[in-house]
Amino acid sequence: MSARRARWLAHALCLFTAFLVWNGIFGLLVSRGEKQYLLDQARHELRLGPEASLPARMRDTIRDGAKEATRWAVVVFVLASAAVWVGGRAGRGDEGGEGTSGGMLDD
């Protein structure tokens, strides 16, 4: 496999990992919003709080969940892509780079 194809594959893996992170965090936050709605509704039924609105709760939950999940997915993708870039630069030790040999940073 060529170095270019390996880097492309590594970046594709970074993107897929970021997608998994987005999906996991978004699902976690939406389920947390659902639980909060059920708690608010139970409090209302016990006359301990105002009536809960499912559409309002889920609208806010989905908006906030998408923002937070996107933040984390971007962080994962940027850091993973930076690691691929650094690894690719370190792997070019035979092209005149000082102090690098065999693709290891600490050789």
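A: Start with charge: R4, R7, R89 and R92 form a positive surface patch. The model is predicted, so local features need pLDDT of at least 70 and side-chain atom pairs count only at pLDDT 80 or more, while totals for chains, interfaces and linings use all residues. Residues are numbered from 1 along each chain as its sequence is written, and side-chain values use heavy atoms, with hydrogens and water left out.

Q: What makes a patch?
A: Its residues have over 30% relative accessible area and no salt bridge; like charges are joined within 9 Å, and nonpolar side chains (Val, Leu, Ile, Met, Phe, Trp, Tyr) within 5 Å. A salt bridge is a side-chain nitrogen of Lys or Arg within 4 Å of a carboxyl oxygen of Asp or Glu. Lys and Arg count as positive, Asp and Glu as negative, and His and the chain ends are not counted. A charge is placed at NZ of Lys, CZ of Arg, CG of Asp or CD of Glu. Areas come from the Shrake-Rupley method with a 1.4 Å probe; for residues, only the protein chains shown count as cover.

Q: Where is R92, and how is its accessibility classed?
A: R92 sits in the segment after α2 (54–90). Buried means under 20% relative accessible area, exposed over 50%, and partly exposed in between (1.4 Å probe, protein chains only). R92 counts as partly exposed because its relative accessibility is 35%.

Q: Which residues form a nonpolar patch?
A: L13, F16, F19 and L20 do, with about 420 Å² of accessible area together. F16 belongs to helix α1 and is partly exposed, at 46% relative accessibility.

Q: How many helices and strands does the chain have?
A: Helices (H or I, at least four residues) and strands (E, at least two) are DSSP runs, numbered from the N terminus. Here there are 2 helices and 0 strands. Of the 107 residues in the chain, 19% are buried.

Q: Is Q41 buried or exposed?
A: Q41, in helix α1 (residues 3–45), is buried because its relative accessible area is 16%. Contact means heavy atoms within 4.5 Å. Apart from neighbours within four places in sequence, Q41 is in contact with E51 and A52.
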